[in-house]
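Please look over the sequence and the model shown here before reading the report.

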Amino acid sequence: MSSPLNLNPAMTGLGEFGRLGVVYRNQWPQVSDGIYDISSWIDYNFLKSNFSVGLNFSKENKNILNLKTSIVSPSLSYELKMNYKWVLRYGIQFSLINSNLNSSDLIFFDQLNQNGTLSPTLENFIYIEKLNLFSISSGLLAYSENIWGGVSIYNLNRPNLSYVNSDTKLERLYSFHFGLRDKNLKLSPSIHFKKISTFYQLDLGTYFDLNPLSFGIWYRGIPIDKKNSFNSLIGSVSLKQKNINIS
């Protein structure tokens, strides 16, 4: 929810006027410097025309794989008032993806010797160090004062992401999200389900608003799927001061 343009292009310009956000993530730092990425986004709502524009920039470093990816994603959304209670939004996003792979440090199975030394690999393949991809994504969002729901599909055109001479299509990411807002209890429960290829993930959680502080608790896992056990619990704390929100 802190990176709306990565959740649903229809969320572009959601709210009045403009927004700006930055998200930083650092995971597994003790394993070959792990994975870290930074994502910044900005959008603006042209209230009179019902159109909104946005721009998302992300950069991810997977040091474990020597893989670096940069993504620039402009987006556009349109808002339609269905009646005095409900609003429907449609959004589309275009992503320019640049991915760099440093294969010089990769180690293959045939290089591993019993004495712990490394031999030259017998693998013979032609690889591409740099990939430039183009991806299209789209989404719908409907909301009223106390309820909202949306669906989005990323990578509609399924670009080829193979670094070797093969055809490996980027899978489509399907996302379904739904939430409520209870002003009396100051709760905002929500659900997020996503699917890519054969992988599923379900997030259940809620926020408790004690202005200016907000507390959140989330569960990530798929209790309806026997093949997936308990995954993780996520807690959050947010502080909002005037037009700035820090989580």
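The report below goes from the whole chain to its strand pairs, its salt bridges and a patch on its surface.

## Basis of the report

This is a predicted model, in which local features need pLDDT of at least 70 and side-chain atom pairs count only at pLDDT 80 or more, while totals for chains, interfaces and linings use all residues. Residues are numbered from 1 along each chain as its sequence is written, and side-chain values use heavy atoms, with hydrogens and water left out.

## The chain as a whole

The protein chain has 13 strands and zero helices, where helices (H or I, at least four residues) and strands (E, at least two) are DSSP runs numbered from the N terminus. Along its principal axes, the C-alpha trace spans about 70 × 35 × 35 Å.

Of the 247 residues in the protein chain, 29% are buried; buried means under 20% relative accessible area, exposed means over 50%, and partly exposed lies in between (1.4 Å probe, protein chains only). The chain exposes about 16,300 Å², of which carbon and sulfur atoms supply 61%, with accessible areas taken from the Shrake-Rupley method with a 1.4 Å probe and, for residues, only the protein chains shown counting as cover. Among the contacts with a separation of 6 or more, 46% are made by residues 24 or more positions apart, a contact being heavy atoms within 4.5 Å.

## Strand pairs and hairpins

Strand E4 (67-81) pairs with strand E5 (residues 87-101) in the antiparallel sense over 13 bridges, where two strands count as paired if DSSP finds at least two bridges between them. Five residues lie between E4 and E5 in the hairpin that they form, and Leu76 has Ile92 of E5 as its bridge partner. E5 also pairs in the antiparallel sense with strand E6 (residues 130-143), over 14 bridges, and here Asn98 stands opposite Asn132 in E6.

Side chains of opposite charge can pair when their charged atoms come close. A search of the whole structure finds seven salt bridges, each defined as a side-chain nitrogen of Lys or Arg within 4 Å of a carboxyl oxygen of Asp or Glu. One of them is formed by the side chains of Arg19 and Asp43 (2.6 Å, N to O). Because Arg19 lies in strand E1 (residues 18-27) and Asp43 in strand E2, this pair ties together parts that are 24 residues apart in sequence. Arg19 is partly exposed at a relative accessible area of 27%, whereas Asp43 is buried at 3%. A polar atom of the Asp43 side chain also lies 2.8 Å from the backbone nitrogen of Gly13. Asp37 is in strand E2 and Arg25 in strand E1, so the pair ties together parts that are twelve residues apart in sequence. Asp37 is buried, with a relative accessible area of 13%, while Arg25 counts as partly exposed at 36%. A further salt bridge joins the side chains of Arg89 and Glu79 (2.5 Å, N to O), and both Arg89 and Glu79 are buried.

## A nonpolar patch on the surface

Phe17, Tyr44, Phe46, Leu47, Phe51, Val53, Leu76, Tyr78 and Leu80 form a nonpolar patch on the surface, with about 790 Å² of accessible area together. Patches are made of residues with over 30% relative accessible area and no salt bridge, with like charges joined within 9 Å and nonpolar side chains (Val, Leu, Ile, Met, Phe, Trp, Tyr) within 5 Å. Strands E2 (35-46), E3 (51-62) and E4 (67-81) are the elements that give two or more residues to the patch, and E4 gives the most, with three residues. Tyr78 has its place in strand E4 and counts as partly exposed at 34% relative accessibility.

Technical notes. Polar contact = N/O pair within 3.5 Å; in protein donor to acceptor, adjacent residues only side chain to side chain.
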